[in-house]
Amino acid sequence: MRTLTIFVAALTLSFVPAALEQENPPSLAQVVALDECDPVTFNAALGPDFCRNVALGAATKLSDLFAKAAAGTPDPGWDFEPDTVNIKKGTTLTVVDQGGEPHTFTEVAQFGGGFLPVLNAPGEETVPECAGGFSNVAVAKTRILQGSHRQITGLSKGEHLFECCIHPWMRVKVEVK
């Protein structure tokens, strides 16, 4: 009888972790990458299908994107939303590219310039994490293409800064509690 009692107790306890996991499913937070590239001017300069803008009536010409960045007033249509995310430790951060062109979602020690100097703010240097552009495997692994997503897991408690290494004014601060 004692053996049967121990077996039943062990069997019952084996289901407790599964039950707890179902009661506390992993948390999920989302960041959306947005842009309003003009397919005509972007694709003429960067290749067919580079820009796949789906925004109706909103488009920024490539020359305007460069001019705004050079003036220190980058296009607000290129953005990560929200700008700040507060999550609990263990939460999965999903970054979705709903824009028309590729972006990166790269963790940096400090916000700064990306790997395309023409898109950096005047006097802003490329941050070390973006150096080398896509020839740097660490940067290439952070790329998100149009319509795709990237999941970030295992963020430690504290502040984490992410930016696009192509469009460095696209920035988000993630606070992990």
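The legends below describe close-up views of a predicted model.

**View 1. Four strands form an open sheet in the order β2-β1-β4-β8.** The pairing in this sheet is mixed, and β2 (79-81) and β8 (149-152) stand at its edges, where each has a single partner strand, so one side of each is left without a neighbour in the sheet. From one strand to the next, the twist averages 20 degrees.

**View 2. Strand β1 (residues 28-34) is joined to β2 by 3 bridges and to β4 by 6 bridges.** The strands β1 and β2 run antiparallel, with Val32 standing opposite Glu81 in β2, whereas β1 and β4 pair in the parallel sense, with Val31 standing opposite Val95 in β4.

**View 3. Strand β4 (92-97) is largely enclosed by the rest of the structure, because 6 of its 6 residues are buried.** In a regular strand the side chains alternate between the two faces of the sheet. Here Thr92, Thr94 and Val96 point one way from β4, while Leu93, Val95 and Asp97 point the other way, and all of them are buried. Strand β4 is also joined to β8 by 4 bridges, and these two strands run antiparallel; at this pairing Val95 stands opposite Arg150 in β8.

**View 4. Glu101 lies in the loop between β4 (92-97) and β5 (103-104).** Glu101 is buried yet has no salt bridge, and the nearest side chain of opposite charge, that of Arg52, is 11 Å away. The side chain of Glu101 does make a polar contact of 3.4 Å with the side chain of Trp78. Beyond its neighbours within four places in sequence, Glu101 is in contact with residues including Asp35, Cys37, Phe42 and His167.

Key
Residues are numbered from 1 along each chain as its sequence is written. This is a predicted model: local features need pLDDT of at least 70, side-chain atom pairs count only at pLDDT 80 or more; totals for chains, interfaces and linings use all residues. Side-chain values use heavy atoms; hydrogens and water are left out. Buried means under 20% relative accessible area, exposed over 50%, partly exposed in between (1.4 Å probe, protein chains only). Lys and Arg count as positive and Asp and Glu as negative; His and the chain ends are not counted. A salt bridge is a side-chain nitrogen of Lys or Arg within 4 Å of a carboxyl oxygen of Asp or Glu. A polar contact is a pair of N or O atoms within 3.5 Å; within protein, one must be able to donate a hydrogen and the other to accept it, and residues adjacent in sequence count only if both atoms are side-chain atoms. Contact means heavy atoms within 4.5 Å. Two strands pair if DSSP finds at least two bridges between them. Axes are lines fitted to C-alpha atoms, for helices over the stretch in contact, and angles run from 0 to 180 degrees between N-to-C directions.
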